[in-house]
Amino acid sequence: MRKKQGLGARLAAVAAFVHTGARLADIGTDHAGLPLELLAAGKISCAVAADVHAGPFEAANRAVQSRKAKNIEVRRGDGLTVLAPGEVDAVAVAGMGGSLICHILAEGAAVLTEVKSLVLQPQNDAAELRAWLYDHGWHIADEALALEDGRIYEILLAEPGEEKKPDALLLEIGPVLWRKKPPLLRRHIERLLSRERRIANGIGKSESAKKSAGYEAVRKKIAALEEKLIW
């Protein structure tokens, strides 16, 4: 994916999924780089840049003030608690674990009733996050992979609406990634395979553990992922 000025490949991919004219909340904003770049590009109308930690909150404040970005308000608080329902129509949460993102979304259910899109970049547990979205009235509308500093990142665009939940393997890979087959997909699947093989090798050191249902499940998952490398 082409790198946007001022953003690395990971945040550029997040930025690409923010809808034009959005009133954006960037949760865990750090230095407010994402809303600042989107506002400068004319893609969003306004933003709330929020972080629970003092250091990033202060850094975001400095960055917004130095750019004289009057349409960005910096707030300190936990997750979506900094927002009132109807205040924004798009939410970005990037650089956190998938389990934490699930928690943030669950705690902010009242705010999400007025939100049209979620742009999420989990650092791990992406399958858990995808499953949560399908279980709570959202679906994956689009997905992307970004390569930055040798690491592949998954970016999800979720929109309201009930759809059939993909099977467990596609929740791991990404249902839209599998359908679109972007250039980084093979490396993404190989990374998932590497993780499962490490788990299998660890279990395999014990003869009794090798007879367990858990070991057999990992072996089946490895075989299924290996099949996905052929297209």
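**View 1. Strand E4 and its parallel neighbours in the predicted model.** In this predicted model, Leu24 has Ala90 of strand E4 as its bridge partner. This pair belongs to the contact between strand E1, residues 22-27, and E4, which run parallel and are joined by four bridges. E4 also pairs with strand E5, residues 117-122, again in the parallel sense, here over six bridges, and Ala92 is found opposite Val119 of E5. Strand E4 covers residues 90-96, and six of its seven residues are buried, so the strand is largely enclosed by the rest of the structure.

View 2. Gly97 is located in the loop between E4 and H4. When neighbours within four places in sequence are left aside, the residues in contact with Gly97 are Gln123 and Asn124. Thr81, by contrast, is 16 residues from Gly97 along the chain, and the C-alpha atoms of these two residues are separated by 18 Å.

**View 3. The largest pocket and the residues around it.** The largest pocket holds about 440 Å³ of space. It is lined by 23 residues, of which Gly28, Thr29, Asp51, Ala94 and Met96 are the closest to its centre. The elements that contribute two or more residues to this lining are helix H1 (9-16), E1, helix H2 (33-40), strand E2 (44-51), E4 and H4. Which element gives the most to the lining of the largest pocket? That element is E4, the strand of the opening view, which supplies three residues. Sorted by class, the lining of the largest pocket consists of 10 nonpolar, eight polar and five charged residues.

**View 4. The second largest pocket.** About 250 Å³ of space is found in the second largest pocket. Among the 16 residues that line this pocket, those closest to its centre are Asn124, Asp125, Ala126, Glu154 and Arg195; Asn124 is also one of the residues in contact with Gly97. At least two residues of the lining come from each of H6, E7 and helix H9, which spans residues 185-203. The lining of the second largest pocket has eight charged residues, together with six nonpolar and two polar ones.

**View 5. Helix H6 and its surroundings.** Helix H6 runs over residues 126-135, and because eight of its 10 residues are buried, the helix is largely enclosed by the rest of the structure. The buried residues are Ala126, Ala127, Leu129, Arg130, Ala131, Trp132, Leu133 and Tyr134. What do these buried residues of H6 pack against? Their partners are helix H4 (98-107), strand E5, strand E6 (138-148), strand E7 (151-160), helix H7 (168-173) and helix H8 (175-180). After H6 comes Gly137, which has a positive phi, near 85°.

View 6. Are Cys46 and Cys102 buried or partly exposed? Cys46 has a relative accessible area of 26% and is therefore partly exposed, whereas Cys102, at 7% relative accessibility, counts as buried because this value lies under the 20% limit. A disulfide is a covalent bond that links the sulfur atoms of two cysteines. A search of the whole structure finds zero disulfides.

Definitions and conventions: Residues are numbered from 1 along each chain as its sequence is written. This is a predicted model: local features need pLDDT of at least 70, side-chain atom pairs count only at pLDDT 80 or more; totals for chains, interfaces and linings use all residues. Side-chain values use heavy atoms; hydrogens and water are left out. A disulfide is a pair of cysteine sulfur atoms within 2.5 Å. Buried means under 20% relative accessible area, exposed over 50%, partly exposed in between (1.4 Å probe, protein chains only). Two strands pair if DSSP finds at least two bridges between them. Contact means heavy atoms within 4.5 Å. On a 1 Å grid over the protein atoms alone, a cavity is a set of points where a 1.4 Å probe fits but cannot get out, and a pocket is an open set with protein on both sides within 12 Å along at least five of seven lines; lining residues have an atom within 4 Å of a point. Grid points are joined across faces, edges and corners, and a volume is the space filled by probe spheres set on the points. Ala, Val, Leu, Ile, Met, Phe, Trp, Tyr, Cys and Pro count as nonpolar, Asp, Glu, Lys and Arg as charged, and the others, Gly among them, as polar.
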